[in-house]
Amino acid sequence: MTLPDGTTHVVPSGTTAKELLRKYTRQNAHEILAVKVNGQPKDLNTSLTEDVSVEPITFASPEGKEIYRHSSAHIMAQAVKEVFPSALLTIGPPIDEGFYYDFDFERPFTPEDLEKIELRAREIIKANYPIERLEMSKDEAIQFFHDRGERFKAEIIRQIEDPQVSLYRQGDFIDLCRGPHVESTGRIKALKLLSSAGAYWRGDERNPMLQRIYGTSFPSQEELDAYLTKLEEIKRRDHRKVGKELDLFSIQDETGPGLILWHPKGALIRLQIENFWREQHLTQGYELVYSPHVARLELWKTSGHVDYYRDNMFAPMSVESAHYQLKPMNCPFHILVYKSHLRSYRDLPIRYAELGTVYRYERSGVLHGLLRVRGFTQDDAHIFCRPDQIEGEVKAVLTLTMHVLHRFGFTDCELYLSTRPEHAVGSQEKWEQATAALEAALQGGGFAYTIDPGEGVFYGPKIDLKIKDALGRAWQCSTVQVDFNNPERFGLCYIGEDGKEHQPIMIHRALLGSIERFFGILVEHYGGAFPVWLAPVQVQVLPITDKQHAYGQTVVHHLRRAGLRAELDARNEKIGLKIREAEKAKIPFMAVVGEREAQSATVSVRERGGVNKGVMTVSEVVDLVRSCMPSDELASVPQ
RNA sequence: GCUGGCGUAGCUCAAUCGGCAGAGCAGCGGUUUUGUAAACCGCCGGUUGGAGGUUCGAUUCCUCUCGCCAGCUCCA
């Protein structure tokens, strides 16, 4: 047998993996959940009968977590069957941070049910039943589950191709499962059921609805507690809650679902985002354009949206016997701007950028705060270029994207290259050329990436970016997509060096994705405590008594003249209350002015969070606040 | 869209079994002139999301409808 440290050991045939590891590794036995035998995950009590490599699996690895949570799901299923024998088993896989199990049951599970099930699950853990693997022929297994009334399990087995299936037994509970599992129920140290909800059998809404229970488990109570604390933190930072508390935006019945009202403070933050965005684009050789919110239906027929995107569009409206369509995308307009002149190869690349507001019909059940809405503003741009320019353009887009995302505190990014899907337009040659160009751009820019085979859009390959927020959650915002379809549909051309017409390539790209969604992500990322450059109010001036109001007003004027966003809190309230409310509003700096400060033309500065920065002059405050703003160092591209 | 839950004052939440809709904060009017996370007193505030029904009587029970929340599915 070969171990991961490279040592080899000779053991009697039939020795279990557990015995081998216990004898020859120093790793704590209680950390080892399962093993990899020749790279294949297996149970700890797998008998070793030939020469193989054996590697322990612990909770630290993704496979370890999966096995741990999968075993947890079985324990929960056993508990459900014991508490509610009429519940039927279906499937129960591990997921990112836990597991779920779907049951066919006559009614939804209540929180009280979950408590009962959780208590029973704890007893099962305490009983420390060994978890044993059984093998059966398919027919035997079907008969077995059929006899027990588990018709969903029988259905699953019928669809398995192997003639032999595996089952796992713990106590009296037996479930179909590929495995592997931990060796006994007692290996699960901390288990918690989190929620229940309906879910369709096989995820299809035409199928009967099952009752799903979500849960999670960890090797220690401390780790479980830390996870639950994180869930609390996620709730605390929810942009819908913070947005209300900080008065950033609202969504009201009178307006309609999925349509956002930006309140002054939210609008001011948005303005900073947009100003930064425009500056960056102008520096990087983009030209800004504006386009209308509606256009003749014919335009959307030409673009193909009527045929392929109708389900996501608002219904057309008719005006003076013509039909108009509210725009779901900006591209056709940018194309029309391109087409307004005959273009030379010398003009390319042409880069049109627009913060374009689009409207899309989304099913009511999917709307979610700012993250999923029906009207949103894309930070859109379309680059028209020659095929040989794709690589350079994409590389520049990626560089700009990174720069922009960095500004918002997102430094952890993952890139994905999506290649040709089954149904696609454009020749094989075009696809290969464009995909190679994207890959070259990724490599040339030194970006690490993962390939998503077949995940490209039908009109061309794309690169997607996922950012990680302060709580470690991944969000996809940025996308760069090559498009062979629209240039064809609209008959785009440029005159080449040869004096003949050629078709340009179009690149769609968005860095932030949607301003609404990105803003929602930002609110949660910062927990509402925006950095100084984005904060709607940067300095709150707080007079101790109304005798300092005039002086406070002077301070505000000075700060505003220096380009800072400052407000005076002239209410007849005590300083403690003013500070408390400025803290709750998450204002980065507070400038307290009392008798002493007014006399000496200074202010007493308190930073958000309670740090006292001491007494200083107004111009020192300006320097202090400015020192907290980012500087811009991305070089412009020569155009 | 589907399944389930929820909808009470601007906000956060009470209201026993179907029996007079209530509190804190906010707002407004006073008092207070305050030194780094909540001063005090008073006042105002509601077709209980909307429509219909059952009932002597509905926030409470029933039907429909709108919206929100969780999940399924889909996506920026």
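Biologist: Which residues of H3 are buried?

Modeller: The buried ones in H3 are Asp113, Leu114, Ile117, Glu118, Ala121, Ile124 and Ile125. Keep in mind that this is a predicted model.

Biologist: Where do they fall, seen down the axis of H3?

Modeller: They sit within an arc of 130°, so the buried residues line one face of the helix.

Biologist: What is exposed on the face of H3 turned away from that?

Modeller: Glu115, Leu119 and Lys126 are the exposed residues there.

Biologist: And what covers the buried residues of H3?

Modeller: The cover includes helix H2 (62-83), together with E12 and E13.

Biologist: How far apart are the end C-alpha atoms of H3, against what it should span?

Modeller: They are 24 Å apart. Helix H3 runs over residues 111-127, and at 1.5 Å a residue its 17 residues should span 24 Å, so the two values agree.

Biologist: What follows H3?

Modeller: Asn128 follows H3, and its phi is positive, near 50°. As a rule, most residues other than glycine have a negative phi, and most peptide bonds are trans.

Biologist: Which other residues have a positive phi without being glycine?

Modeller: Ser321 is one of them, with phi near 65°. Ser321 is in the loop between strand E18 (317-319) and strand E19 (322-326). Ala601 is another, with a phi of about 55°, and Ala601 lies in the loop between H18 and E33.

Biologist: Is Ser321 buried or exposed? And what does Ala601 count as?

Modeller: Ser321 is exposed, because its relative accessible area is 74% and the cut-off for exposed is over 50%. Ala601 has 44% relative accessibility, so it counts as partly exposed.

Biologist: Where is there a cis peptide bond?

Modeller: Between Leu348 and Pro349, with omega about 0°. Pro349 is in the loop between strand E20 (343-344) and strand E21 (350-359).

Biologist: Which part of the strand faces the protein? How much of it is sugar or phosphate?

Modeller: Of the atoms of RNA strand B within 4 Å of the protein, 47% belong to sugar or phosphate, and the rest belong to bases.

Biologist: Which polar side-chain atoms lie by a sugar or linking oxygen of RNA strand B?

Modeller: Arg517 has a polar side-chain atom 2.5 Å from a sugar or linking oxygen of RNA strand B. On the base side, a polar backbone atom of Gly365 is 3.0 Å from a base nitrogen of RNA strand B.

Biologist: Which elements give two or more residues to the surface near RNA strand B?

Modeller: Among them are strand E12 (190-200), strand E13 (209-218), helix H7 (239-245) and helix H17 (575-584). H17 gives the largest share, six residues.

Biologist: Now Glu150. Is it buried or exposed?

Modeller: Glu150 is buried, because its relative accessible area is 3% and the cut-off for buried is under 20%. Its place is in the loop between helix H4 (138-147) and helix H5 (151-158).

Biologist: What does the side chain of Glu150 pair with?

Modeller: A polar contact of 2.7 Å joins the side chains of Glu150 and Lys81. A polar side-chain atom of Glu150 also lies 2.7 Å from the backbone nitrogen of Leu89.

Biologist: Last one, the whole chain. How many helices and strands does chain A have, and how many of its residues are buried?

Modeller: Chain A has 19 helices and 34 strands. It has 639 residues, of which 51% count as buried. The C-alpha trace spans about 85 × 75 × 60 Å along its principal axes.

Terms used:
Residues are numbered from 1 along each chain as its sequence is written. Chains are lettered from A and ligands numbered from 1 in the order in which they are written. This is a predicted model: local features need pLDDT of at least 70, side-chain atom pairs count only at pLDDT 80 or more; totals for chains, interfaces and linings use all residues. Side-chain values use heavy atoms; hydrogens and water are left out. A residue is near a molecule or strand if one of its heavy atoms lies within 4 Å of it. A polar contact is a pair of N or O atoms within 3.5 Å; within protein, one must be able to donate a hydrogen and the other to accept it, and residues adjacent in sequence count only if both atoms are side-chain atoms. Helices (H or I, at least four residues) and strands (E, at least two) are DSSP runs, numbered from the N terminus. The expected span of a helix is 1.5 Å times one less than its number of residues. Buried means under 20% relative accessible area, exposed over 50%, partly exposed in between (1.4 Å probe, protein chains only). The arc is that of the directions from the helix axis to the C-beta atoms. Contact means heavy atoms within 4.5 Å.
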